[in-house]
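Here is a friendly walk through one chain, written to be read beside the model. Please keep the viewer open as you go.

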Amino acid sequence: MAAISAVFLSLCSSGDRIAAARQLYGGSYSLLTHMLPRYGITTTFADVSDLEAVAAACDGAKLLYCETIGNPVVTVADLPSLAAIAEAAGIPLIVDNTFASPILCRPLEHGAQMVLHSATKFLGGHHDLTGGVLCSSSAEALEPVKALARALGPTLAPFTSWLALRGMATLHLRVARSSDSALVIARVLADHDDVESVNYPALETDAGHDLAATLLGGRGGGTLGFSIAGGRERAARFQSELRLIRPAASLGGTHSLIVHAASVTHTQLSKDELELVGISEGFCRLSVGLEDVEDLLADIDQAMQRSA
Ligand SMILES: Cc1ncc(COP(=O)(O)O)c(C=O)c1O
(Lines give C-alpha, C1' and ligand atoms only; values in the text may rest on other atoms or scores of the structure.)
Protein backbone atom coordinates (compact mmCIF):
# COMPACT_ATOMS: atom_id res chain seq x y z
CA MET A 1 0.00 0.00 0.00
CA ALA A 2 3.00 2.31 0.53
CA ALA A 3 4.03 1.83 -3.10
CA ILE A 4 0.47 2.38 -4.33
CA SER A 5 0.01 5.52 -2.18
CA ALA A 6 3.39 6.85 -3.32
CA VAL A 7 2.34 6.55 -6.96
CA PHE A 8 -1.01 8.28 -6.50
CA LEU A 9 0.36 11.02 -4.25
CA SER A 10 3.35 11.77 -6.45
CA LEU A 11 1.52 11.79 -9.80
CA CYS A 12 -1.66 13.56 -8.67
CA SER A 13 -2.35 16.95 -7.11
CA SER A 14 -5.44 18.41 -5.52
CA GLY A 15 -8.12 18.78 -8.22
CA ASP A 16 -6.94 15.76 -10.22
CA ARG A 17 -9.05 12.70 -10.98
CA ILE A 18 -7.97 9.06 -11.32
CA ALA A 19 -9.64 6.52 -13.62
CA ALA A 20 -9.63 3.08 -11.98
CA ALA A 21 -10.96 -0.40 -12.51
CA ARG A 22 -13.76 -1.31 -10.13
CA GLN A 23 -12.20 -4.75 -9.53
CA LEU A 24 -9.55 -3.82 -6.96
CA TYR A 25 -8.11 -4.93 -3.62
CA GLY A 26 -10.34 -3.46 -0.86
CA GLY A 27 -7.42 -1.44 0.59
CA SER A 28 -6.74 0.23 -2.78
CA TYR A 29 -10.46 0.87 -3.28
CA SER A 30 -10.65 2.43 0.16
CA LEU A 31 -7.58 4.62 -0.49
CA LEU A 32 -9.21 5.91 -3.67
CA THR A 33 -12.72 6.37 -2.28
CA HIS A 34 -12.10 7.51 1.30
CA MET A 35 -8.55 8.81 1.77
CA LEU A 36 -7.52 10.58 -1.44
CA PRO A 37 -10.70 12.71 -1.67
CA ARG A 38 -9.53 14.36 1.60
CA TYR A 39 -6.59 15.71 -0.44
CA GLY A 40 -8.76 16.76 -3.39
CA ILE A 41 -8.01 13.69 -5.54
CA THR A 42 -11.10 11.88 -6.78
CA THR A 43 -11.65 8.64 -8.71
CA THR A 44 -14.04 7.46 -11.39
CA PHE A 45 -14.45 3.67 -11.36
CA ALA A 46 -15.36 1.55 -14.36
CA ASP A 47 -15.84 -2.16 -14.87
CA VAL A 48 -12.44 -3.25 -16.21
CA SER A 49 -14.11 -5.43 -18.88
CA ASP A 50 -16.26 -2.55 -20.18
CA LEU A 51 -13.72 -0.79 -22.39
CA GLU A 52 -16.16 1.96 -23.40
CA ALA A 53 -16.79 2.82 -19.75
CA VAL A 54 -13.03 2.80 -19.09
CA ALA A 55 -12.45 5.16 -22.03
CA ALA A 56 -15.15 7.50 -20.72
CA ALA A 57 -13.57 7.44 -17.23
CA CYS A 58 -10.15 8.26 -18.73
CA ASP A 59 -11.40 11.45 -20.35
CA GLY A 60 -9.79 14.25 -18.35
CA ALA A 61 -8.20 11.83 -15.84
CA LYS A 62 -4.59 11.92 -14.69
CA LEU A 63 -3.86 8.18 -14.87
CA LEU A 64 -5.54 4.81 -15.43
CA TYR A 65 -5.16 2.21 -12.67
CA CYS A 66 -6.06 -1.49 -12.68
CA GLU A 67 -4.98 -4.93 -11.43
CA THR A 68 -3.85 -7.56 -13.98
CA ILE A 69 -6.03 -10.10 -12.14
CA GLY A 70 -8.54 -8.21 -10.00
CA ASN A 71 -8.82 -8.98 -6.29
CA PRO A 72 -10.91 -10.96 -5.30
CA VAL A 73 -13.06 -11.81 -8.33
CA VAL A 74 -9.98 -12.64 -10.50
CA THR A 75 -11.15 -10.68 -13.56
CA VAL A 76 -8.34 -10.52 -16.13
CA ALA A 77 -7.69 -7.01 -17.43
CA ASP A 78 -7.21 -6.62 -21.18
CA LEU A 79 -3.92 -4.75 -20.72
CA PRO A 80 -3.13 -4.02 -24.41
CA SER A 81 -6.60 -2.49 -24.92
CA LEU A 82 -6.39 -0.54 -21.66
CA ALA A 83 -2.92 0.73 -22.65
CA ALA A 84 -4.32 1.90 -26.01
CA ILE A 85 -7.19 3.70 -24.24
CA ALA A 86 -4.77 5.37 -21.81
CA GLU A 87 -2.45 6.37 -24.64
CA ALA A 88 -5.36 7.90 -26.60
CA ALA A 89 -6.25 9.90 -23.47
CA GLY A 90 -2.58 10.93 -23.04
CA ILE A 91 -2.27 9.36 -19.56
CA PRO A 92 -0.16 6.52 -18.10
CA LEU A 93 -1.52 3.03 -17.41
CA ILE A 94 -0.43 1.86 -13.95
CA VAL A 95 -0.95 -1.80 -13.13
CA ASP A 96 -0.99 -3.71 -9.84
CA ASN A 97 0.42 -7.07 -10.96
CA THR A 98 0.34 -8.73 -7.51
CA PHE A 99 -1.96 -11.67 -8.41
CA ALA A 100 -0.21 -12.54 -11.68
CA SER A 101 3.40 -11.99 -10.55
CA PRO A 102 6.06 -11.33 -13.21
CA ILE A 103 6.07 -15.06 -13.98
CA LEU A 104 2.60 -14.96 -15.57
CA CYS A 105 2.55 -11.39 -16.86
CA ARG A 106 4.88 -8.44 -17.36
CA PRO A 107 2.53 -5.48 -17.93
CA LEU A 108 5.34 -3.16 -19.11
CA GLU A 109 5.49 -5.39 -22.21
CA HIS A 110 1.78 -4.75 -22.82
CA GLY A 111 1.96 -0.96 -22.68
CA ALA A 112 1.85 -0.12 -18.94
CA GLN A 113 4.09 2.73 -17.76
CA MET A 114 4.38 1.56 -14.16
CA VAL A 115 3.83 -1.77 -12.43
CA LEU A 116 3.27 -2.44 -8.74
CA HIS A 117 3.51 -5.61 -6.69
CA SER A 118 2.64 -6.36 -3.13
CA ALA A 119 5.87 -8.27 -2.39
CA THR A 120 4.06 -9.55 0.71
CA LYS A 121 2.42 -12.06 -1.65
CA PHE A 122 4.13 -14.12 -4.40
CA LEU A 123 7.48 -12.29 -4.53
CA GLY A 124 8.25 -12.95 -0.85
CA GLY A 125 6.16 -16.09 -0.98
CA HIS A 126 6.61 -17.34 2.59
CA HIS A 127 4.15 -15.23 4.66
CA ASP A 128 7.07 -13.61 6.47
CA LEU A 129 7.43 -10.11 5.05
CA THR A 130 5.40 -7.03 4.18
CA GLY A 131 6.64 -4.93 1.31
CA GLY A 132 5.89 -3.39 -2.05
CA VAL A 133 7.67 -2.93 -5.36
CA LEU A 134 7.25 -0.32 -8.07
CA CYS A 135 8.78 -0.82 -11.54
CA SER A 136 9.00 1.26 -14.67
CA SER A 137 10.99 1.05 -17.88
CA SER A 138 11.67 4.77 -17.50
CA ALA A 139 13.98 5.95 -14.72
CA GLU A 140 12.67 9.46 -15.33
CA ALA A 141 9.07 8.38 -14.69
CA LEU A 142 10.11 7.14 -11.24
CA GLU A 143 11.73 10.45 -10.18
CA PRO A 144 8.56 12.04 -8.70
CA VAL A 145 7.85 8.82 -6.78
CA LYS A 146 11.40 8.74 -5.44
CA ALA A 147 11.10 12.37 -4.34
CA LEU A 148 7.88 11.57 -2.48
CA ALA A 149 9.43 8.45 -0.92
CA ARG A 150 12.32 10.56 0.39
CA ALA A 151 9.82 12.97 1.91
CA LEU A 152 7.46 10.41 3.46
CA GLY A 153 9.83 7.48 4.09
CA PRO A 154 8.05 4.36 2.78
CA THR A 155 11.33 2.45 2.52
CA LEU A 156 11.88 -1.30 2.63
CA ALA A 157 14.08 -2.40 5.56
CA PRO A 158 17.29 -4.33 4.66
CA PHE A 159 16.17 -7.62 6.25
CA THR A 160 12.79 -7.43 4.49
CA SER A 161 14.59 -6.82 1.19
CA TRP A 162 16.77 -9.86 1.84
CA LEU A 163 13.72 -12.02 2.55
CA ALA A 164 12.09 -10.82 -0.70
CA LEU A 165 15.22 -11.60 -2.73
CA ARG A 166 15.47 -15.06 -1.18
CA GLY A 167 11.79 -15.70 -1.95
CA MET A 168 12.17 -14.57 -5.56
CA ALA A 169 14.77 -17.28 -6.22
CA THR A 170 11.93 -19.84 -6.21
CA LEU A 171 9.18 -17.60 -7.63
CA HIS A 172 8.92 -19.45 -10.96
CA LEU A 173 8.54 -22.84 -9.24
CA ARG A 174 6.01 -21.61 -6.69
CA VAL A 175 3.80 -19.77 -9.20
CA ALA A 176 3.73 -22.78 -11.53
CA ARG A 177 2.90 -25.17 -8.70
CA SER A 178 0.16 -23.06 -7.14
CA SER A 179 -1.37 -22.32 -10.59
CA ASP A 180 -1.45 -26.02 -11.47
CA SER A 181 -3.07 -26.94 -8.14
CA ALA A 182 -5.52 -24.01 -8.37
CA LEU A 183 -6.77 -25.29 -11.73
CA VAL A 184 -7.35 -28.80 -10.34
CA ILE A 185 -9.25 -27.35 -7.37
CA ALA A 186 -11.24 -24.93 -9.58
CA ARG A 187 -12.41 -27.85 -11.74
CA VAL A 188 -13.50 -29.89 -8.71
CA LEU A 189 -15.33 -26.92 -7.17
CA ALA A 190 -17.05 -26.11 -10.48
CA ASP A 191 -18.59 -29.61 -10.38
CA HIS A 192 -19.55 -29.47 -6.70
CA ASP A 193 -23.27 -29.36 -5.87
CA ASP A 194 -22.70 -26.91 -2.99
CA VAL A 195 -20.79 -24.39 -5.11
CA GLU A 196 -22.82 -21.81 -7.03
CA SER A 197 -20.02 -20.39 -9.15
CA VAL A 198 -16.25 -20.49 -9.57
CA ASN A 199 -14.08 -17.63 -10.81
CA TYR A 200 -10.79 -18.82 -12.22
CA PRO A 201 -9.34 -17.52 -15.51
CA ALA A 202 -7.75 -20.81 -16.59
CA LEU A 203 -11.15 -22.57 -16.48
CA GLU A 204 -12.47 -23.08 -20.02
CA THR A 205 -15.85 -21.64 -18.97
CA ASP A 206 -14.44 -18.46 -17.35
CA ALA A 207 -15.02 -15.04 -18.93
CA GLY A 208 -11.27 -14.37 -18.63
CA HIS A 209 -10.19 -17.59 -20.34
CA ASP A 210 -9.15 -16.04 -23.68
CA LEU A 211 -7.27 -13.21 -21.98
CA ALA A 212 -5.54 -15.73 -19.70
CA ALA A 213 -4.42 -17.58 -22.83
CA THR A 214 -2.85 -14.49 -24.38
CA LEU A 215 -1.69 -12.51 -21.33
CA LEU A 216 -1.00 -15.13 -18.65
CA GLY A 217 0.50 -17.92 -20.73
CA GLY A 218 -2.68 -19.98 -20.31
CA ARG A 219 -2.30 -20.10 -16.53
CA GLY A 220 -4.73 -18.62 -14.03
CA GLY A 221 -2.46 -17.89 -11.06
CA GLY A 222 -2.64 -19.26 -7.55
CA THR A 223 -5.85 -17.52 -6.50
CA LEU A 224 -9.44 -18.48 -7.24
CA GLY A 225 -12.85 -17.34 -6.10
CA PHE A 226 -15.95 -19.40 -5.47
CA SER A 227 -19.38 -18.81 -4.10
CA ILE A 228 -20.61 -21.41 -1.65
CA ALA A 229 -24.34 -22.16 -1.46
CA GLY A 230 -25.83 -21.02 1.85
CA GLY A 231 -24.27 -17.55 1.91
CA ARG A 232 -22.23 -15.95 4.66
CA GLU A 233 -23.11 -18.44 7.43
CA ARG A 234 -22.27 -21.50 5.37
CA ALA A 235 -19.03 -19.85 4.22
CA ALA A 236 -18.09 -19.23 7.87
CA ARG A 237 -18.93 -22.84 8.85
CA PHE A 238 -16.99 -24.18 5.85
CA GLN A 239 -13.92 -22.15 6.76
CA SER A 240 -14.01 -23.20 10.38
CA GLU A 241 -14.12 -26.88 9.36
CA LEU A 242 -11.00 -26.63 7.19
CA ARG A 243 -7.95 -28.26 8.77
CA LEU A 244 -5.13 -27.73 6.25
CA ILE A 245 -6.27 -24.54 4.52
CA ARG A 246 -6.11 -21.65 6.97
CA PRO A 247 -8.48 -18.70 7.23
CA ALA A 248 -6.20 -15.67 6.78
CA ALA A 249 -6.16 -12.56 4.64
CA SER A 250 -2.95 -12.86 2.65
CA LEU A 251 -2.18 -14.86 -0.51
CA GLY A 252 0.63 -16.04 -2.75
CA GLY A 253 2.62 -17.93 -0.12
CA THR A 254 3.63 -21.47 0.80
CA HIS A 255 0.41 -22.20 2.73
CA SER A 256 -3.10 -22.24 1.31
CA LEU A 257 -5.24 -19.47 2.79
CA ILE A 258 -8.92 -18.69 2.50
CA VAL A 259 -10.92 -15.54 3.19
CA HIS A 260 -14.57 -14.61 3.11
CA ALA A 261 -14.21 -11.46 0.97
CA ALA A 262 -17.25 -9.50 2.20
CA SER A 263 -16.24 -9.78 5.87
CA VAL A 264 -12.41 -9.65 5.63
CA THR A 265 -10.67 -8.15 2.57
CA HIS A 266 -13.54 -6.07 1.18
CA THR A 267 -15.30 -4.83 4.32
CA GLN A 268 -14.88 -1.26 3.03
CA LEU A 269 -17.44 -1.89 0.28
CA SER A 270 -21.14 -1.24 0.81
CA LYS A 271 -23.71 -3.93 -0.10
CA ASP A 272 -24.33 -2.24 -3.47
CA GLU A 273 -20.61 -1.92 -4.18
CA LEU A 274 -20.07 -5.61 -3.35
CA GLU A 275 -22.83 -6.53 -5.76
CA LEU A 276 -21.39 -4.31 -8.51
CA VAL A 277 -17.99 -6.01 -8.19
CA GLY A 278 -19.59 -9.48 -8.11
CA ILE A 279 -18.85 -10.44 -4.50
CA SER A 280 -21.79 -12.52 -3.26
CA GLU A 281 -22.57 -13.34 0.39
CA GLY A 282 -20.99 -16.77 0.00
CA PHE A 283 -17.92 -15.61 -1.95
CA CYS A 284 -14.61 -17.02 -0.70
CA ARG A 285 -11.14 -16.29 -2.07
CA LEU A 286 -8.79 -19.23 -1.95
CA SER A 287 -5.05 -18.75 -2.33
CA VAL A 288 -3.55 -22.09 -3.21
CA GLY A 289 -0.18 -22.83 -1.62
CA LEU A 290 2.43 -25.50 -2.19
CA GLU A 291 0.79 -28.41 -0.35
CA ASP A 292 -0.05 -31.66 -2.14
CA VAL A 293 -3.16 -30.94 -4.18
CA GLU A 294 -4.76 -34.24 -3.09
CA ASP A 295 -4.45 -33.15 0.55
CA LEU A 296 -6.09 -29.81 -0.32
CA LEU A 297 -8.95 -31.54 -2.15
CA ALA A 298 -9.48 -33.90 0.79
CA ASP A 299 -9.61 -30.94 3.18
CA ILE A 300 -12.14 -29.10 1.00
CA ASP A 301 -14.25 -32.25 0.68
CA GLN A 302 -14.43 -32.96 4.40
CA ALA A 303 -15.19 -29.28 5.22
CA MET A 304 -17.97 -29.21 2.60
CA GLN A 305 -19.53 -32.30 4.17
CA ARG A 306 -19.21 -31.13 7.78
CA SER A 307 -20.55 -27.64 7.03
CA ALA A 308 -23.53 -28.82 4.94
C1 LIG B 1 -3.79 -6.78 -5.37
C2 LIG B 1 -3.23 -6.24 -4.08
N3 LIG B 1 -2.51 -5.11 -4.10
C4 LIG B 1 -1.99 -4.58 -2.97
C5 LIG B 1 -2.20 -5.18 -1.75
C6 LIG B 1 -1.62 -4.55 -0.51
O7 LIG B 1 -0.51 -5.25 -0.12
P8 LIG B 1 0.24 -5.05 1.26
O9 LIG B 1 -0.57 -5.74 2.28
O10 LIG B 1 1.55 -5.73 1.01
O11 LIG B 1 0.39 -3.59 1.48
C12 LIG B 1 -2.93 -6.35 -1.68
C13 LIG B 1 -3.19 -7.01 -0.38
O14 LIG B 1 -3.90 -7.97 -0.27
C15 LIG B 1 -3.46 -6.90 -2.87
O16 LIG B 1 -4.20 -8.04 -2.87
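## Helix 1 against helix 6

Helix 1 (residues 2-11) and helix 6 (residues 139-152) have axes that come within 9 Å and cross at roughly 110 degrees. The axes are lines fitted to C-alpha atoms, for helices over the stretch in contact, and angles run from 0 to 180 degrees between N-to-C directions. Helices here are DSSP runs (H or I, at least four residues), as are strands (E, at least two), numbered from the N terminus. Helix 1 and helix 6 are therefore roughly perpendicular to each other; angles of 65 to 115 degrees count as such, under 35 as roughly parallel, over 145 as roughly antiparallel and the rest as oblique.

Helix 1 brings A6, V7, L9, S10 and L11 to the contact, and helix 6 brings P144, V145, A147, L148 and A149. Two residues are in contact if their C-beta atoms, placed from the backbone, lie within 7 Å. By class, this contact of helix 1 with helix 6 has nine nonpolar residues, one polar and no charged. Ala, Val, Leu, Ile, Met, Phe, Trp, Tyr, Cys and Pro count as nonpolar, Asp, Glu, Lys and Arg as charged, and the others, Gly among them, as polar.

## About the model

This is a predicted model, in which local features need pLDDT of at least 70, side-chain atom pairs count only at pLDDT 80 or more, and totals for chains, interfaces and linings use all residues. Residues are numbered from 1 along each chain as its sequence is written.

Next, look at helix 3 (residues 51-58) and helix 4 (residues 79-89), which pack at an angle of about 30 degrees with their axes 9 Å apart. That makes helix 3 roughly parallel to helix 4. L51, V54, A55 and C58 of helix 3 make the contact with S81, L82, I85, A86 and A89 of helix 4. Eight of these residues are nonpolar, one is polar and none is charged.

The axes of helix 8 (residues 171-190) and helix 12 (residues 293-307) come within 10 Å and cross at roughly 30 degrees. That makes helix 8 roughly parallel to helix 12, and this crossing, too, is right-handed. From helix 8, S181, V184, I185 and V188 meet V293, L296, L297 and I300 in helix 12. The contact divides into seven nonpolar residues, one polar and no charged.

## Two domains

The chain is assigned a domain 1 (2-168) and a domain 2 (171-307), with bounds that come from an automatic or database domain assignment. Their C-alpha centres lie 23 Å apart. Domain 1 gives 29 residues to the contact and domain 2 gives 35. On the side of domain 1 that touches domain 2, helix 2 (26-35), helix 5 (101-104) and helix 7 (158-168) each supply at least two residues. That side has 15 nonpolar, 11 polar and three charged residues.

## The ligand and two backbone details

Around the ligand there are 13 residues, the closest being M1, Y25, T98, S118 and T120; a residue is near a molecule if its C-beta atom, placed from the backbone, lies within 6 Å of it. The shell has three nonpolar, eight polar and two charged residues.

Most residues other than glycine have a negative phi, and most peptide bonds are trans. N71 and P72 are joined by a cis peptide bond, with omega about 0 degrees; P72 sits in the loop between strand 3 (63-67) and helix 4. S101, in helix 5, has a positive phi, near 65 degrees.

Technical notes: Left-handed = near helix turned anticlockwise from the far one by under 90°.
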